[in-house]
Amino acid sequence: MKILFDYIAKLIAKNSELSYEKVLSNLEAPSNNLADIALPCFKFAKELHTSPVSIASNIASNITDKNLEKVENVNGYLNFTFKPAFLSDTLLKNSLFTENEIANFAGMKGKTALIEHTSINPNASPHIGRARNALIADSLVRVFKFLGWKTDVHYYVNDAGKQIAMLAYATKDKKTVTFSELLQIYIDINEKAKSDPSIEPEVFAYLNRFEKNDPKTVAEFERIVSTCLNGQKAIFNKLNIFWDKFDYESQYIHEHKTDAILDKLKGNPQLFEAEDGRLVLDQHGEDIGIENPMLVLTRADHTSLYCLRDICYSIDKANAHTDRNILVLGEDQKVYFQQISAALKLLGYKAPEIVHYSFVLLPDGKMSTRNGTVVLLEDFMKEATDRVNDILANRNGQKDDEKAQKIAYGAIKYSILKCSPEKNVLFDWNSAFNFTGDSSVFVQYNYARIQSILRKANIKTENANFSLLSTPNEVTLIKELSRFYDVVMSVYNSLNPSLLVNYTSSLTAKFSQFYSSESILNCENEKLKIARLALIEKVGIVIKNALHLLGIETLDSI
RNA sequence: GCACCCAUAGCUCAAUAGGAUAGAGCAACACCCUUCUAAGGUGAAGGUUGGGGGUUCGAGUCUCUCUGGGUGCACCA
């Protein structure tokens, strides 16, 4: 579409007193079908001392162009409609569709991004709320890679916390521990600790021995953490989500890395020692949304607390000196992150760019790992796969695990990524398995239709004449197709993958409408047939790329 | 109590850095498979964009306020 904006801006600049730059920055591509491109003239009214309507109609009457079908004033909007043949040909020849084209054009090749995400506590199987973190971040990683970036994806493993101590304590007499039983063990020990006051001190004794690097305790912690982390990784890997590096919180304890930070803060007026010896950062005056912003860095004995280790970790990440440093974090950590950011600023480091997301809610309220009111990601994955497999058996006469997984996992990702990150997502088992309408299945299904047609046609499309594509359905589809690059860039700029879901959905709907109203293979005109085949080939490429950026796979047949 | 986020059709969500007639899907209604995959398409129906004020030529979008939901508020991670 950029190329047409440029075309119109030049045309207007030549035929009016408005400058090219001013026009270009005010042009719009209306989503209604009143015009292909429009210039709202309201802003120019003061400067030109004329009404928007007369500005638009004056310019309209000045312009004649062989590629335009219509130039008109509609209530102060200067509306341009291109001849369909020109529009189709120009857009299909000049828009960017492939990874190569887009990465080359974007001009960001070789830039580096460190992205940390998920980083959930290694205490249980992840629930679908946590999955939101991984899905959003993974899509961003894919977008950065697509644009030519080198990404370094990190996972911060909180392997030194009270919850690990609890699990270590609860499993101390067990010979083996499996991933699947951890959640129940965690729920049980939390329940038990409520009524048995002797447990808590024992747990803290565990934690204390761990921090003192007692080999036996460290091994017990490690057993829990590795069991859990491996289980979590396996689930995410099934969803094609991977990390480059796992950073362990315990290194900051065992290697005393936090000491350097305390040294650096020594003498700083914001740092003070409380009566009992704790080291505290007074953050009054910083832009932090709580009444009494204090960040407690250490215990009374000056051993580090989580936030100090987190600051240390953030500095390690900052010292990687990547072009961008991004962190995906739940909304529950907003204030905490503000505090960490302020502390980093004080120490002379830049905080990561942050992407917050809201929680997934169940129809009866919130999820809670401790109470066991959660929907586990792996349960959701399994149930969805089974249901899709049943449908496949019904349609095709046989089950197909590989297809079922691609479809089911796609549906999960699509439904979670569809919502804007700042909004709560409502998860409902009753409507989670709707595979019709606005879902990834609809997109995958139409992709399969395209591939089926291309297989049957088996014709080379290189010499296609795009100017033959002029029906309203074709033009609408082509306009939508040409937006792909802009959408990828919006996701890059806003760090919001839901835009890509909307686009994919809308592109597919437009293809589907074209498909049902125009014949492709049975098209009587051979040249038109080739042009249409070339068009759907490009639609297929964009759908495949768009889904790929969401972490969703395509199928050549369903 | 204070701070931040959210509120759009019966339900789940859109609305391209304020722009024209607020769009999809689900559910409910009427149609369309001798035709490229019907997990599809077409039509009709569904809205005082939570309430009230303000800014603007123009507000779902910005602002103030009220209501309701989410999240958080020093020695947890």
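Modeller: Strand β8, which covers residues 279–282, pairs with β9 in the antiparallel sense over three bridges, where pairing requires at least two bridges found by DSSP, and strands are DSSP runs (E, at least two residues; helices H or I, at least four) numbered from the N terminus. This is a predicted model, in which local features need pLDDT of at least 70 and side-chain atom pairs pLDDT 80 or more, while totals for chains, interfaces and linings use all residues. Residues are numbered from 1 along each chain as its sequence is written, and chains are lettered from A and ligands numbered from 1 in the order written.

Within this pairing, Leu281 has Leu295 of β9 as its bridge partner. The two strands belong to an open sheet of three strands, which has the order β7-β8-β9 with antiparallel pairing. Its edges are formed by β7 (271–273) and β9 (294–296), each of which pairs on one side only. On average, neighbouring strands of this sheet are turned by 30 degrees against each other, direction ignored (axes are lines fitted to C-alpha atoms, for helices over the stretch in contact, and angles run from 0 to 180 degrees between N-to-C directions).

Elsewhere, helix α21 (residues 498–517) packs against helix α22 (residues 526–549) at an angle of about 155 degrees, with the axes 10 Å apart. The two helices α21 and α22 are therefore roughly antiparallel to each other (over 145 degrees; under 35 is roughly parallel, 65 to 115 roughly perpendicular, the rest oblique).
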